[in-house]
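Visitor: I'm new to this structure and would like to learn how to read it. Could you walk me through it, one feature at a time?

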Amino acid sequence: TSYCCRRCQGTRLWIKFSRSYHFVCDDCSANTPIAHRCPSCGEAEKTRKQRGKFFRECEACGTSALFFTNPPSPT
């Protein structure tokens, strides 16, 4: 699945946490919420971070799946 900015449809995104996890667009700096539903049971999934990798997790089904990896920071 590819993700895009809800304002400019740009695909140069990274994930940031403030009150919740959301995508930030490198092109226009807009925030795009992350909302996933479990494909098996339809329940809302939570986002879990492990270093620069982000997983969608369904508590009801006990499943976890990688959905996004933040790009490396510019040096």
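Guide: Happy to. Let's begin with a term: buried means under 20% relative accessible area, exposed means over 50%, and partly exposed is in between, using a 1.4 Å probe and protein chains only. In this chain, buried residues make up 28% of the 75 residues. Keep in mind that this is a predicted model, where local features need pLDDT of at least 70 and side-chain atom pairs count only at pLDDT 80 or more, while totals for chains, interfaces and linings use all residues. Residues are numbered from 1 along each chain as its sequence is written, and side-chain values use heavy atoms, with hydrogens and water left out.

Visitor: How many helices and strands does the chain have?

Guide: Helices (H or I, at least four residues) and strands (E, at least two) are DSSP runs, numbered from the N terminus. Here there are zero helices and six strands, so the order from the N terminus on reads β-β-β-β-β-β. The C-alpha trace spans about 40 × 25 × 25 Å along its principal axes.

Visitor: Which way do β5 and β6 run, parallel or antiparallel?

Guide: Two strands pair if DSSP finds at least two bridges between them. Strand β5 (residues 53-58) and strand β6 (residues 63-69) run antiparallel, joined by six bridges.

Visitor: What does R56 touch?

Guide: Contact means heavy atoms within 4.5 Å. Not counting residues up to four places away in sequence, R56 touches H36, R37, P39, E45, K46, T63, S64, A65 and F67. A polar atom of the R56 side chain lies 2.9 Å from the backbone oxygen of R37.

Visitor: Is H22 buried or exposed?

Guide: H22, in strand β2 (residues 21-25), is buried, with a relative accessible area of 10%. Leaving aside neighbours within four places in sequence, H22 is in contact with W14, I15, K16, F17, N31, T32, P33 and I34. A polar atom of the H22 side chain also lies 3.1 Å from the backbone oxygen of S20. From H22 to C38 it is 16 residues in sequence and 18 Å in space, C-alpha to C-alpha.

Visitor: Which residues have a positive phi although they are not glycine?

Guide: The general idea first: most residues other than glycine have a negative phi. Here Q9 has a positive phi of about 65°, and Q9 is found in the segment before β1 (13-17). Another case is R51, with a positive phi of about 60°. R51 sits in the loop between β4 (46-50) and β5, in a hairpin with two residues between the strands. R51 is exposed, with a relative accessible area of 77%.

Note on methods: A polar contact is a pair of N or O atoms within 3.5 Å; within protein, one must be able to donate a hydrogen and the other to accept it, and residues adjacent in sequence count only if both atoms are side-chain atoms.
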